[in-house]
Amino acid sequence: MATKDSASTLPTIDLSPFLDPNSSTEERESTVRAIDSACTEFGFFYLTGHGIPSATTDRVLSLAREFFSLPKAQKEKIARAKDGFRGYQGLGENVTLNSRDMHEAVDLYREVGTINGPRPPFEALQGLNPWPEEPEELRPFYEDYIQECMRVCSTLLGAMGVALKLSPALDAAAPASTEDDDVFVRNTTNSFWIMRMIGYPPLAKPLSSKNGNEDRVEEFSCGEHSDYGCLTLLLADPTKNALQVRLKSGGYLNVDPVPGAFVVNIGDMVERWTNGQWHSVRHRVIHRGEGYRVSVPFFYEPNWDAVVKPLKRCVKRSGGVVKYEEAMYGDHLMGKLHNNFYNGGD
Ligand SMILES: O=C(O)CCC(=O)C(=O)O
Ligand SMILES: [Fe+2]
């Protein structure tokens, strides 16, 4: 069920009716309606009733913080290879909109041990993750947490499929192209997920002079972007005034963390599947506050070789005009990743 106190906060979706086998049809229907409204209006929402205890999310954040507090040489032991994407990236190594992001990060992807299938991931994304050796507990803890995140995301995508009102789900063995309520679930059975730990020191530069009505921002903790896949499950420490989400009506909404809730947003592939009925909303991080901010987004992506194109029902609803081309998810991801890193020069 969605609650929206005012336009200054995101709606909250309670997923518990989809995790509790004893929930009523009405309870599920209420969650489904809330999802449709939140995805149409904001593309972002708080998620509660997901079943992951705060003790787990607190530890996930504190382990990431412990890693970032290690000496540089220690962190660089798992540095991203020049021709690869997995591993540690230092401050300013990530680039968004041609501007260097003021954060450090570790990217872990679904591991690709043995290559099979007609379209395996490109070489740069093949292989295993370079896990931090310290803190020692990080790897086993995160491996369990990733499983938990996948369970939540798959359940949420199931509810989102129902919210789109396509047609009742057919057999699980139906082809991936089947456009029923399970369309998202079916295309994420081998999700090419990404787990990202991010560390943000406060920005150093003061705000420069006003540009029109808005302060001109010259330095970003993370530049404005939309996310690439299906869903992002964002876990962030309690730092306020850092994440900003674009509003349909113009301007930005400050999205502060809420204890026990994830911030969830839908990605480019869901926008494409829905022919724009739901938007993959742009957002950015500007951390000018006190202290070192840590966030750990989990990106639940389609299968590497999922073919994503506007669903016929969604096209019909939006006046019959197909607004997006067909794309294989892996190609979409590679296109984005190749622009994401700083490689010298100014
Ligand atoms: O750190 C955050 O709050 C958001 C990070 C983000 O948008 C991303 O990594 O895609
Ligand atoms: Fe993002």
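Four strands, in the order β10-β15-β12-β13, form an open sheet with antiparallel pairing, where helices (H or I, at least four residues) and strands (E, at least two) are DSSP runs numbered from the N terminus, and two strands pair if DSSP finds at least two bridges between them. At the edges of this sheet stand β10 (222–225) and β13 (252–254), each pairing on one side only. Neighbouring strands are turned by 20 degrees against each other on average, direction ignored; axes here are lines fitted to C-alpha atoms, for helices over the stretch in contact, and angles run from 0 to 180 degrees between N-to-C directions. Within the sheet, β12 (residues 243–246) pairs with β13 over 3 bridges in the antiparallel sense, and Gln244 stands opposite Asn254 in β13.

The model is predicted, so that local features need pLDDT of at least 70 and side-chain atom pairs count only at pLDDT 80 or more, while totals for chains, interfaces and linings use all residues. Residues are numbered from 1 along each chain as its sequence is written, chains are lettered from A and ligands numbered from 1 in the order in which they are written, and side-chain values use heavy atoms, with hydrogens and water left out.

An open sheet of 8 strands has mixed pairing and the order β1-β2-β14-β11-β16-β7-β6-β3. Because β1 (12–14) and β3 (87–89) stand at its edges with a single partner strand each, one side of each is left without a neighbour in the sheet. Strands β11 (residues 231–236) and β16 (residues 293–300) run antiparallel and are joined by 6 bridges, and Leu234 stands opposite Pro297 in β16.

Both Leu234 and Pro297 are also among the residues around ligand 1, that is, with a heavy atom within 4 Å of it.

| Residue | Distance to ligand 1 oxygen |
|---|---|
| Asp227 | 3.2 Å |
| Arg293 | 2.8 Å |
| Ser295 | 2.8 Å |

Taken alone, ligand 1 exposes 300 Å², of which the protein buries 95%, with areas from the Shrake-Rupley method and a 1.4 Å probe.

His103 lies in the loop between β5 (99–100) and β6 (104–109), and its side chain makes a polar contact of 2.9 Å with that of Asn94.

Key: A polar contact is a pair of N or O atoms within 3.5 Å; within protein, one must be able to donate a hydrogen and the other to accept it, and residues adjacent in sequence count only if both atoms are side-chain atoms.
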